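Welcome, and please take a moment to look over the model below. We will walk through it together, one part at a time.

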There are 2 protein chains.
Amino acid sequence: MARTTIPPLLPPRHEPFKVACSTCGIRQLCLPMGLPPIDIEQLERMVKARRLVPRNTALFSAGDAFEAIHVVRTGFFKTSACAEDGRDQVTGFQMAGELLGLDGIVDGVHTCQAVALEDSQVCVVPYERLEGLSRDFERLQHQFHRLMSREIVRDQGVMLMLGTMRAEERVVAFLINLMRRLRARGFSSSSVVLRMTREEIGSYLGLTLETVSRTFSRLQDDGLLEVKAREVRVLKPRMLLQVIRQAA
Amino acid sequence: MARTTIPPLLPPRHEPFKVACSTCGIRQLCLPMGLPPIDIEQLERMVKARRLVPRNTALFSAGDAFEAIHVVRTGFFKTSACAEDGRDQVTGFQMAGELLGLDGIVDGVHTCQAVALEDSQVCVVPYERLEGLSRDFERLQHQFHRLMSREIVRDQGVMLMLGTMRAEERVVAFLINLMRRLRARGFSSSSVVLRMTREEIGSYLGLTLETVSRTFSRLQDDGLLEVKAREVRVLKPRMLLQVIRQAA
DNA sequence: CGTCTAATTGAACATCGTCAATACTTGTGG
DNA sequence: CCACAAGTATTGACGATGTTCAATTAGACG
């Protein structure tokens with residue numbers, strides 16, 4: 001029953017959690033980031049509920065009506081864009097504090113799919129409520145704009161990677177980015193357990209799963225990494241950075 | 001003096017134009033799109049001025065302080081992202097009604113460069129003013145959010161292209177997209193004069209200029225296009241569409 | 001009209017993708 | 001608890017696609 005190619009819909013729509021941004025462990029990485037307590041209180045009013053998203057289920061899919069922005073509270077997601085012709089690609093991986101669903105605003109319909117790669121929890125921010133409170137609270141408004149802009153800058157970075165990097169550089173850039181974000185969340189800065197398959201990494205990087213696998217093996221042979229299935233340990237962080245810098 | 005690799009700064013900062021969105025020829029494609037007259041009047045209040053941007057000059061560069069969103073009124077732009085290591089890539093081409101500078105919101109600094117590919121005119125929308133009026137005018141607010149979201153969706157489309165398409169598909173997708181947008185602006189739907197070099201196209205598509213050139217030649221040999229330097233005429237629009245559809 | 005940039009084209013080469021065989025994980029049911 | 005099955009990862013050989021380098025031609029602009 002688990003692990004279907006088309007993830008099953010999520011049965012329980014809303015879990016009745018108590019939401020309290022002001023005491024949330026990830027508030028420095030999330031929407032409240034940098035806001036004074038008075039604005040964070042407003043933020044709490046926006047959040048409708050938390051929602052559980054079991055592993056391998058879709059939080060939303062392409063074509064779904066857009067009603068809310070979601071913020072990852074715990075867990076790990078991937079988003080995939082799909083074109084009309086069936087082509088699809090992983091466009092990003094999201095972890096605690098990161099936003100899901102900004103694509104839906106323009107036409108009120110999601111154009112991508114968000115799937116949990118492990119049992120996860122998200123905060124549901126109904127979009128109408130967000131716009132409403134943004135009108136009354138300047139800092140909240142600015143914060144939201146900053147996060148949309150950050151997504152645009154992030155996307156530009158992905159384009160740069162896809163357009164200019166070779167396979168090895170892409171894989172290394174992916175790893176460095178992932179570990180930087182994990183470090184910001186208090187995880188080890190030298191070792192990761194990847195939540196995604198080689199195929200998903202490859203899709204994100206515009207490579208085949210074989211090329212991703214071979215690249216990991218080569219980086220291991222060169223002594224920069226230790227790779228054991230999904231567990232990656234960085235042995236030479238400096239040299240890893242150089243893999244990208246030396247190119248141009 | 002002209003055509004330096006680093007475009008010269010724009011000497012006259014603000015041209016004293018009278019701004020009137022309500023009578024502007026491109027209002028259906030621009031920020032006012034779909035808004036009722038009463039909101040368009042508010043929009044006019046946001047626009048500080050129009051500004052002339054001569055060919056091959058930068059409207060803004062990476063590192064510049066972000067103060068305003070710009071909207072292309074006439075002409076044609078490219079935006080390029082540049083990484084710390086010197087790597088850079090064209091991330092988009094903008095024409096009348098399209099926005100420039102959304103990347104600057106997050107940190108108050110531009111992360112990309114916008115260069116005019118022909119003598120152009122932009123409307124300057126000071127960002128503080130935009131946020132201020134957005135708080136008072138719901139539809140304006142929503143419109144702005146829609147346009148940021150549209151940029152995110154557009155970027156996802158570019159990623160999909162860079163990650164999954166072969167050279168010929170990329171070039172064709174680029175042409176189809178360009179002509180669709182030109183058609184929406186009342187230009188011929190069968191012939192274009194490209195404003196950018198093969199190198200700029202290649203950078204955008206993640207290909208070398210030689211591959212772009214060869215691909216044009218092949219599409220011409222196959223009778224789908226007629227290419228004479230920068231002038232491209234589409235002879236078989238249906239078959240052009242099929243170049244992309246048949247892949248998956 | 002001449003110079004500089006841009007575009008085309010060819011040949012050799014590198015990188016990555018495809019196909020295929022094998023090994024390793026993980027979860028499930030006997 | 002073990003064995004099996006399905007999914008996931010590794011590795012090799014080969015081939016396709018796109019890059020690099022180089023030479024030539026065509027355009028654009030002063």
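Let us begin with a word that we will need: contact means that heavy atoms lie within 4.5 Å. This is a predicted model, in which local features need pLDDT of at least 70 and side-chain atom pairs count only at pLDDT 80 or more, while totals for chains, interfaces and linings use all residues. Residues are numbered from 1 along each chain as its sequence is written, chains are lettered from A and ligands numbered from 1 in the order in which they are written, and side-chain values use heavy atoms, with hydrogens and water left out.

With that term in hand, look at B:S120. Leaving aside residues up to four places away in sequence, B:S120 touches B:R51, B:L52, B:V53, B:T74, B:G75, B:F76 and B:F77. B:S120 belongs to strand 8 (residues 120-126) of chain B; here helices (H or I, at least four residues) and strands (E, at least two) are DSSP runs, numbered from the N terminus. Is B:S120 buried or exposed? Its relative accessible area is 3%, so B:S120 is buried. The scale behind these words calls a residue buried under 20% relative accessible area, exposed over 50%, and partly exposed in between (1.4 Å probe, protein chains only). The side chain of B:S120 also reaches the backbone nitrogen of B:F76, at 3.1 Å. That pair is a polar contact, a term for N or O atoms within 3.5 Å; within protein, one must be able to donate a hydrogen and the other to accept it, and residues adjacent in sequence count only if both atoms are side-chain atoms.

Now turn to chain A and its strand 5 (residues 88-95), which is mostly covered, with 7 of its 8 residues buried. Its partner is strand 4 (residues 76-82) of chain A, and the two pair in the antiparallel sense over 7 bridges. Strands are said to pair if DSSP finds at least two bridges between them. Within this pairing, A:C82 stands opposite A:D88 of strand 5 of chain A. The hairpin formed by strand 4 and strand 5 of chain A has 5 residues between the strands, and A:G86 takes a positive phi near 95 degrees there.

How do the two protein chains meet? On each side, 48 residues are involved: 48 of chain A are in contact with 48 of chain B. The size of an interface is often given as the accessible area lost when the parts come together. Chain A and chain B bury about 4,500 Å² between them, and 58% of that is on carbon and sulfur atoms. Buried area here is the accessible area (1.4 Å probe) that two parts lose on being put together, summed over both. On the chain A side, A:R87, A:R135 and A:M159 lose the most area to chain B, together 18% of what that side buries.

Next comes the DNA. A residue is near a strand if one of its heavy atoms lies within 4 Å of it. Around DNA strand D there are 19 residues, of which A:R198, A:S213, A:S217, B:A167 and B:T211 come nearest. Of the atoms of DNA strand D within 4 Å of the protein, 65% belong to sugar or phosphate and the rest to bases. The side chain of A:R198 has an N or O atom 2.7 Å from a phosphate oxygen of DNA strand D, and the side chain of A:S213 likewise has one 2.7 Å from a phosphate oxygen. A:R214, in turn, places a side-chain N or O atom 2.7 Å from a base nitrogen of DNA strand D. Helix 6 of chain A gives the most to this surface, with 5 residues.

DNA strand C is surrounded by 17 residues, and the closest are A:A167, A:T211, B:R198, B:S213 and B:S217. A polar backbone atom of A:A167 is 2.6 Å from a phosphate oxygen of DNA strand C, while a polar side-chain atom of A:T211 lies 2.4 Å from a phosphate oxygen. A base nitrogen of DNA strand C is 3.2 Å from an N or O atom in the side chain of A:E210. For this surface, the largest share, 5 residues, comes from helix 6 of chain B.

One last stop is B:L209, found in helix 6 of chain B. At 38% relative accessibility, B:L209 counts as partly exposed.
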